[in-house]
Amino acid sequence: MITTTVTQLELPTKQKIENADIAVEDTPQLQSQDAQQPLIWRNIIGIAILHILGIYAFAVSYKEAKFWTWVFSPLYGISAGLGITAGAHRLWAHRSYSAKLPLRIFLAYLYCMAGQTHMYKWIRDHRTHHRFSETPADPHNANRGFFFSHMGWLMMKRHPAVIQNGKKIDMSDIASDPVIQFFDKFYEPIMLSLCFVLPTLIPVYCWNETWYISIHAVIIRYIWLLNATFLVNSFAHMWGNRPYNRKLRPTENPTVAFFTLGEGWHNYHHSFPWDYRAAELGAYGLNPSTAFIEIMSWLGLAYDLKTPSKDLVKNFNLNKGDGTDSFWGHQYHKNIQRER
């Protein structure tokens with residue numbers, strides 16, 4: 001029988017997990033800096049064209065797509081999303097669990113299907129975001145407004161504080177990971193093949209979809225996954241409650257969780273970034289990434305699943321939270337408090 005190994009941690013709030021700059025700690029106070037950030041017109045034009053093409057194609061041609069295209073495209077996008085959530089995010093950026101080689105290769109493969117950026121860059125940006133959240137060194141600082149945190153940060157040169165402080169992030173574990181080394185070295189051909197070429201060819205040759213519909217289905221899926229990822233940086237830092245730490249800007253947002261496979265429980269995640277569930281009490285309905293990790297653990301491919309002790313979570317909720325209920329916990333913490 002295969003059993004799931006879950007490590008419950010009771011940690012001081014400033015302790016680091018495996019020297020990865022990803023633990024619960026106070027965000028450094030950085031002075032606001034005015035800086036020139038020239039616009040990157042290539043990115044601005046490219047993002048605009050992608051969205052215009054996708055919206056137009058969906059509006060005028062969605063009725064023409066065959067049934068299996070409607071099935072295939074979302075499933076392909078969800079699979080790619082797992083490469084981000086369970087792979088780049090929870091496994092590599094936060095090291096909230098460990099994975100054997102076959103699973104690491106599979107997750108890197110899924111990540112490349114999403115077509116975002118090299119894994120090393122994605123992970124470095126995310127660790128920088130957690131270490132310097134809502135400061136000038138945060139790559140997508142939500143204090144600069146919704147549009148900037150959603151996609152505007154990709155349309156201009158980086159703030160000098162992002163570059164300067166990003167160099168302080170320990171990336172030695174990622175730099176020495178042979179799976180990431182391989183996929184980053186050959187990222188462009190792997191990504192282009194998996195994100196654009198393969199999902200275009202499959203509908204055409206497997207169920208005679210038209211080239212026009214197949215190509216535009218790929219564009220729509222790509223835009224959808226990009227914006228789903230961006231939601232975590234924007235919506236989940238602006239709208240929702242803060243039941244775990246009222247001093248943190250990230251919120252609990254079930255809508256974002258729905259579109260991001262469970263990444264919308266953001267107040268919890270920034271309070272306990274090393275929890276493999278990225279949420280409390282994690283029912284799978286709005287956290288399928290947790291289900292995926294636990295299935296992989298049951299199969300023996302994932303292990304050392306980290307999670308905080310219930311007492312630690314309860315103490316955060318009762319002492320640091322904003323007094324609201326967590327979506328997962330409902331009346332869980334308040335009931336415990338009443339019993340005492």
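Leu261 sits in the loop that links α11 (254-259) to α12 (266-271), where helices (H or I, at least four residues) and strands (E, at least two) are DSSP runs numbered from the N terminus. The model is a predicted one, so local features need pLDDT of at least 70 and side-chain atom pairs count only at pLDDT 80 or more, while totals for chains, interfaces and linings use all residues. Residue numbers start from 1 along each chain as its sequence is written, and side-chain values use heavy atoms, with hydrogens and water left out.

Leu261 counts as buried, at 13% relative accessibility; buried means under 20% relative accessible area, exposed over 50% and partly exposed in between, using a 1.4 Å probe and protein chains only. Arg95 also has a positive phi without being glycine, near 50 degrees, and is found in the loop between α2 and β2 (98-99).

Helix α2 turns up in two helix pairs. With α9, the packing angle is about 160 degrees and the axes are 11 Å apart; axes here are lines fitted to C-alpha atoms, for helices over the stretch in contact, and angles run from 0 to 180 degrees between N-to-C directions. The two helices are therefore roughly antiparallel, on a scale where angles under 35 degrees are roughly parallel, over 145 roughly antiparallel, 65 to 115 roughly perpendicular and the rest oblique. On the α2 side, the contact (heavy atoms within 4.5 Å) is made by Trp68, Thr69, Phe72 and Tyr76, and on the α9 side by Leu194, Leu198, Pro199, Ile202, Pro203 and Trp207. By class that gives nine nonpolar residues, one polar and no charged ones; Ala, Val, Leu, Ile, Met, Phe, Trp, Tyr, Cys and Pro count as nonpolar, Asp, Glu, Lys and Arg as charged, and the others, Gly among them, as polar.

The second pair brings α2 (residues 67-93) together with α13 (residues 288-298), their axes coming within 10 Å and crossing at roughly 70 degrees. That makes α2 roughly perpendicular to α13. Leu82, Thr85, Ala86 and Arg90 of α2 meet Ser289, Thr290, Phe292 and Ile293 of α13. In this contact there are four nonpolar, three polar and one charged residues.

Leaving aside residues up to four places away in sequence, Leu103 touches Tyr97, Phe292, Met296, Leu301 and Ala302.

Over in helix α4 is Tyr120, which is partly exposed, with a relative accessible area of 29%. Tyr120 and Ala175 lie 55 residues apart in sequence, yet 7.5 Å apart in space, C-alpha to C-alpha. Not counting residues up to four places away in sequence, Tyr120 touches Ala175 along with Met171, Ile174, Ile180 and Asp184.
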